[in-house]
Amino acid sequence: MAEDFSTQGMLEIYLYENGQLLERLQEIVLEYKDEECFDEDSINEIFRAMHTIKGSSGVMMFDEVTRISHKLEDVFYYLRESKPDNVPHMELVEHVLQVVDFITSEMIKIEGGQPADGSAEDYVTALDAFLNKIKNGEGEAKKEIKENVYVEPQQFYIAPMASSSSRFYKIYLTFQKDLPLANVHAYKAVYSLKEIAEDLLHYPEDIISDESAAEEILENGFKILLQAQCTEEDIRGIIQEGYDIQKVDVYECSAKDFQQGFDSVGSEIRIDLDAPIEETSVAGGEMIIMAPATQEVTEKKPIAPGDFVIESKGPGTGKKLAKDKPKKHDKAAFMSVDIRKMDMLMDLIGELVIAESVVLQNPDLQVPGLKLDNFTKAARQMKKISSDLQNTIMSMRMVPLTNTFQKMNRIVFDVSRKLGKDIEFEMIGDQTEVDKNVSEHISDPLMHLVRNSVDHGIEMPDERAAAGKTEKGKITLSAKNESGKIWITVQDNGKGLDRAKILAKARKNELLDPYKLDKEYTDKEVFQLITLPGFSTKEAVTEYSGRGVGMDVVVSNLQAIGGSLEIESVLGQGSQMIMKIPLTLAIIDGIVMKVGKSAFVLETNLVKEFMRAQQDMLVMKPDGQELVMVRGECYPVLRVGEWYQLSDYKLDMEKAMFVLVEIEEQVICLVVDDLVGKQEIVVKPIPDYVKKVKGLSGCTQLGDGSIALILDVGALTK
């Protein structure tokens with residue numbers, strides 16, 4: 001199987017590249033799901049994607065993935081060449097998505113170290129039947145279509161079968177600098193050409209077992225000799241420039257030049273006819289001097305066949321080596337990086353921020369009258385560099401929400417078809433970027449919210465028609481950056497939340513204050529009841545909802561990353577669920593506070609106001625709850641020292657500080673002893689062996705080496 005053949009590096013590239021192709025494939029299919037058919041460009045792109053997946057899976061010897069991708073490639077090959085007009089579009093969409101699901105499930109197994117043992121038999125049979133149906137049902141005269149036959153290669157050097165129609169090519173591939181495992185990418189190019197090749201040679205020859213081949217390929221390029229009955233456009237259609245290949249040069253040559261092969265491999269000189277003749281340089285250790293046309297040309301050494309590859313330009317232009325050709329513009333270069341290395345780098349940046357605080361806040365520097373002008377100047381420069389470094393690393397970790405949103409598009413499509421609902425899905429702001437870890441944490445909550453909108457929110461077509469609505473419902477998924485947080489909204493134009501029904505179910509489950517009337521609850525308080533564990537107003541349990549666990553999972557996952565959920569709804573018009581999540585989980589701006597000998601940190605953007613405490617501002621309720629009166633408004637008071645049962649906090653209110661904090665439109669007044677100041681805080685998780693304490697979201701290390709606890713205001717307001 002593949003484990004005997006591949007290396008870990010090849011496997012990682014296989015999973016990464018095919019994962020990207022599958023995401024793009026699903027994006028295309030969902031984009032055209034409501035159209036009458038795929039357009040020519042989308043058909044070509046899907047065909048190329050399946051051709052690439054088939055080829056790379058064949059290299060890795062994942063037979064079932066190769067088999068199913070080849071069969072879907074057959075379907076789109078026929079669509080591309082024959083252009084039939086009787087294709088059942090929705091059935092084709094479902095077939096493509098089934099193939100995507102199968103390959104994705106196999107890749108998940110492979111990534112987890114398990115064998116790819118799934119059977120594609122049922123899917124291949126269904127695709128065969130579909131292909132036969134559109135072939136037999138074609139109304140116009142059938143065209144002669146060359147069969148798209150996949151032949152398992154025994155080796156890459158194919159015995160020559162030259163004929164009068166054979167053509168010969170020299171192909172030169174230039175890969176992106178610093179491309180990891182360039183030899184594997186070269187291997188893929190060779191493997192892709194094998195189906196059209198009559199004869200095929202390449203240099204370096206050993207690109208799998210020879211580790212030095214990757215360096216040779218990056219330094220001198222990858223050279224291929226191809227004999228085939230094809231055009232240059234066919235070759236460029238198979239091997240294309242991309243994130244791995246920087247440039248593809250294809251030159252048609254004679255049979256004699258083809259047989260001479262690479263006479264000077266490793267030191268081949270490539271000449272551009274676009275520059276002055278004088279600008280030649282050293283190649284292969286020999287200086288070749290090209291004089292102006294008016295002077296005599298002295299040749300140091302006879303030129304052997306294959307030494308030069310001539311790039312034909314306009315007549316009368318000069319010559320110079322292609323490798324010396326100046327760049328016309330800077331081109332962005334990309335490379336894939338293991339996310340674990342990014343996490344490690346982010347951790348090191350956090351440690352650097354802590355070390356910086358330790359240096360700048362060192363007690364040895366806190367001497368009255370001590371002047372350290374040079375030190376202060378150097379410290380400012382160091383702080384600027386560390387801030388720039390931090391911002392750069394954080395920007396590298398930012399990813400757009402496009403892929404996450406596309407997954408929701410697929411969920412809407414699948415669930416709506418199973419429930420018999422017609423739903424339009426709209427994405428707004430999907431290019432909004434969030435930290436990679438945040439993106440992973442919000443996928444499950446978002447899935448629950450979207451499923452709820454499809455199942456609970458959008459009505460059946462007949463119900464919508466009876467209510468005077470369009471039979472086609474609509475779900476809008478939007479994202480925006482506001483107040484230092486990402487707002488992700490799931491909005492539907494369904495039936496909305498029934499306040500009376502929610503209150504009745506809450507009364508039945510004894511979730512409400514028996515002495516508080518229903519009308520005393522605000523809509524926001526009522527709608528938040530649906531997030532309680534086990535709460536569901538749906539009578540029947542379905543595959544997608546009704547157990548009362550989905551919304552509880554949403555809130556729990558959001559709170560784990562410092563996020564929150566707001567619910568708005570109008571009965572009969574629809575609902576919207578708003579997730580507010582932080583941009584990043586790693587480093588935040590915080591206010592350091594002292595309570596007794598303990599230090600606490602509060603996120604800066606939650607603070608509304610600081611005030612010196614005064615006893616006459618406090619109001620006591622009959623039940624013992626303290627309130628603070630600020631400019632005619634009353635806010636609940638929470639004494640941090642009393643809440644955490646600290647014995648050394650200030651009991652005298654006149655010497656304490658009031659900190660007004662606001663979250664989810666709720667304001668609470670925290671009472672602390674002193675304010676230390678604003679500081680960049682590196683968020684660290686509380687160790688597992690410490691019992692979870694309400695109101696704490698993590699911890700951090702301060703400049704003096706002490707540990708401060710990070711307050712979770714959202715949990716304190718519950």
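This is a predicted model: local features need pLDDT of at least 70, side-chain atom pairs count only at pLDDT 80 or more; totals for chains, interfaces and linings use all residues.
Side-chain values use heavy atoms, with hydrogens and water left out. E26 and E27 pair in the antiparallel sense over five bridges, where two strands pair if DSSP finds at least two bridges between them, and helices (H or I, at least four residues) and strands (E, at least two) are DSSP runs numbered from the N terminus. Cys699 has Leu709 of E27 as its bridge partner.

These two strands belong to an open sheet of five strands, ordered E25-E17-E18-E27-E26, in which the pairing is mixed. Strand E25 (674-682) and strand E26 (696-701) stand at the edges with a single partner strand each, so one side of each is left without a neighbour in the sheet. From one strand to the next the twist averages 35 degrees. Helix H10 lies across strand E17 (587-595), E25 and E26, and runs at about 150 degrees to E25; axes are lines fitted to C-alpha atoms, for helices over the stretch in contact, and angles run from 0 to 180 degrees between N-to-C directions.

A second open sheet has six strands in the order E19-E23-E24-E22-E21-E20, with mixed pairing. Here strand E19 (607-612) and strand E20 (618-620) are at the edges, each with a single partner strand, so one side of each lacks a neighbour in the sheet. The twist in this sheet averages 35 degrees from one strand to the next. Strand E23 (residues 657-663) and strand E24 (residues 666-672) run antiparallel and are joined by seven bridges, with Gln666 of E24 as the bridge partner of Ile663.

Two helix pairs were also examined. The axes of helix H10 (residues 339-360) and helix H11 (residues 373-397) come within 10 Å and cross at roughly 160 degrees, which makes H10 roughly antiparallel to H11 (angles under 35 degrees count as roughly parallel, over 145 as roughly antiparallel, 65 to 115 as roughly perpendicular and the rest as oblique). The contact (heavy atoms within 4.5 Å) involves residues including Met342, Leu345 and Ile349 of H10 and Phe375, Met382 and Leu389 of H11. The residues of this contact divide into 16 nonpolar, two polar and four charged, where Ala, Val, Leu, Ile, Met, Phe, Trp, Tyr, Cys and Pro count as nonpolar, Asp, Glu, Lys and Arg as charged, and the others, Gly among them, as polar.

For helix H4 (residues 89-111) and helix H5 (residues 121-136), the axes come within 11 Å and cross at roughly 155 degrees, which makes H4 roughly antiparallel to H5. Among the contributors to the contact are Leu92, Val99 and Phe102 of H4 and Tyr123, Leu127 and Phe130 of H5.

Leu512, placed in the loop between helix H15 (499-508) and helix H16 (523-528), counts as buried at 11% relative accessibility (buried means under 20% relative accessible area, exposed over 50%, partly exposed in between, with a 1.4 Å probe and protein chains only). Leaving aside neighbours within four places in sequence, Leu512 is in contact with Leu503, Ala506, Arg507, Asp518, Tyr521 and Leu529.

Methods:
Residues are numbered from 1 along each chain as its sequence is written.
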